[in-house]
Amino acid sequence: MPHTALLDLSIEAGNAILDVYGSAFGSESKADGSPVTVADEAAEKIILAGLSELFPDVPVVAEEAVEAGNLPQAANRYFLVDPLDGTKEFIARNGEFTVNIALIDAGVPVFGVVYAPALGEIYWGGGLPEEMCGGAAPSFGAFSGSVADGEIGEVRSIAVRPVPDEGLTVLASRSHLSPETSALIEKLNVAEMVSVGSSLKLCWVAAAKADFYPRLAPTMQWDIGAGDAVLRAAGGEVLVAETRAPLTYQVKPGAVKADLLNPFFLAMSTTSIIESI
């Protein structure tokens with residue numbers, strides 16, 4: 001199945017990241033001040049080569065390539081790649097970093113895989129369009145698994161949970177908690193606040209480990225596209241904070257990196273969480 005090839009590709013990229021993670025590595029700062037390491041670059045090279053072989057006709061919008069000025073023309077369908085989301089977590093060696101591959105179709109993240117190589121956790125959800133499945137029947141749903149020695153095991157179907165009676169488990173960014181996000185959280189019935197890095201936050205809501213992830217701070221499309229696909233496939237929602245409309249994705253003709261910024265968003269198990277705020 002083509003979607004399993006994408007899982008394998010994320011694991012291959014994760015192995016390259018772990019090779020660097022286990023060594024003495026340095027980092028550099030990009031133009032926006034965010035860090036980048038040789039692990040980001042090695043993982044992206046693997047993913048771009050794999051996607052070119054698997055789906056040569058689908059454009060790929062990848063973080064480090066865009067940083068280098070290579071933003072392809074992408075119409076309704078394109079891949080989004082963040083080869084190492086949570087570089088700050090990678091540098092801090094706390095394990096909370098992920099490989100992210102998403103397929104966008106007509107503005108919607110229809111498939112995504114998120115792999116946390118240091119934790120041995122992988123999440124995927126959605127489904128590839130039939131014409132990308134090579135004659136095989138498309139597969140849908142949201143799943144998690146564990147990865148050991150390059151193989152996926154302990155696969156289980158995941159779904160969001162009802163709002164707990166005792167209150168919400170709210171996820172916050174370990175590295176990017178804004179005052180606006182803190183103010184919003186204070187309006188809710190919160191039983192527990194958990195800080196975690198990278199796109200794991202979206203996957204934790206999808207896997208019923210948490211209920212709400214507000215992000216009133218800048219993110220890029222590639223930061224969240226894969227996790228968004230997993231969460232939607234698990235029954236959750238990602239809404240624009242200002243309008244409460246579903247978040248959409250696009251690459252406009254002539255776009256530059258700044259055009260790929262997401263609006264502030266709210267990711268949740270159910271919209272009932274935000275009805276009173």
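## Around Leu 231 and the annotated aspartates

Setting aside neighbours within four places in sequence, Leu 231 is in contact (heavy atoms within 4.5 Å) with Val 160, Leu 202, Val 205, Ala 206, Gly 236, Glu 237, Val 238, Ala 267 and Met 268. Bear in mind that this is a predicted model, where local features need pLDDT of at least 70, side-chain atom pairs count only at pLDDT 80 or more, and totals for chains, interfaces and linings use all residues. Residues are numbered from 1 along each chain as its sequence is written, and side-chain values use heavy atoms, with hydrogens and water left out.

**The cores.** Leu 231 also turns up in the largest nonpolar core, which has 41 residues. A nonpolar core here is a set of buried Ala, Val, Leu, Ile, Met, Phe, Trp, Tyr and Cys residues joined through side-chain atoms within 4.5 Å. Buried means under 20% relative accessible area, exposed means over 50%, and partly exposed is in between (1.4 Å probe, protein chains only). Along with Leu 231, the members touching the most others are Val 61, Tyr 78, Leu 80, Tyr 123 and Val 251. At least two residues each come from β4 (77-85), β5 (98-105), β6 (108-116), α6 (200-206), α7 (221-233), β13 (237-240) and β14 (265-268). Helix α6 gives the largest share, 6 residues. These elements are DSSP runs numbered from the N terminus: helices are H or I with at least four residues, strands are E with at least two. Apart from this core lies another, of 37 residues, including Phe 55, Ala 65, Ile 101 and Phe 111. As a rule, in soluble globular proteins nonpolar side chains tend to be buried together.

An unreviewed UniProt entry carries the annotation "binding site" for Asp 82, Asp 85 and Asp 223. UniProt positions are given in the numbering used here, feature names are shortened, and annotations may be inferred rather than shown by experiment. The three are spread over 142 residues of sequence, yet they cluster in space, with a largest C-alpha distance of 6.4 Å. Asp 85 sits in strand β4, while Asp 223 belongs to helix α7. Beyond four places in sequence, Asp 223 is in contact with Asp 82, Asp 85, Asn 100 and Ser 199. For Asp 85, that list is Glu 96, Phe 97, Thr 98, Asn 100, Ser 198, Ser 199 and Asp 223. A polar atom of the Asp 223 side chain also lies 2.7 Å from the backbone nitrogen of Met 220.

Strands β8 (residues 142-148) and β9 (residues 151-157) run antiparallel and are joined by 5 bridges; strands pair if DSSP finds at least two bridges between them. Ala 148 stands opposite Glu 151 in β9. Asp 149 lies in the loop between β8 and β9 and has a positive phi of about 55° although it is not a glycine. Glu 154, in strand β9, also has a positive phi of about 55° without being a glycine.

Elsewhere, β12 pairs with β14 in the antiparallel sense over 4 bridges, and Pro 214 stands opposite Leu 266 in β14.

| Residue | Relative accessibility | Class |
|---|---|---|
| Asp 85 | 9% | buried |
| Asp 223 | 16% | buried |
| Cys 133 | 4% | buried |
| Cys 203 | 0% | buried |
| Asp 149 | 82% | exposed |
| Glu 154 | 68% | exposed |

As for disulfides (a pair of cysteine sulfur atoms within 2.5 Å), the count is 0.

Conventions:
Polar contact = N/O pair within 3.5 Å; in protein donor to acceptor, adjacent residues only side chain to side chain.
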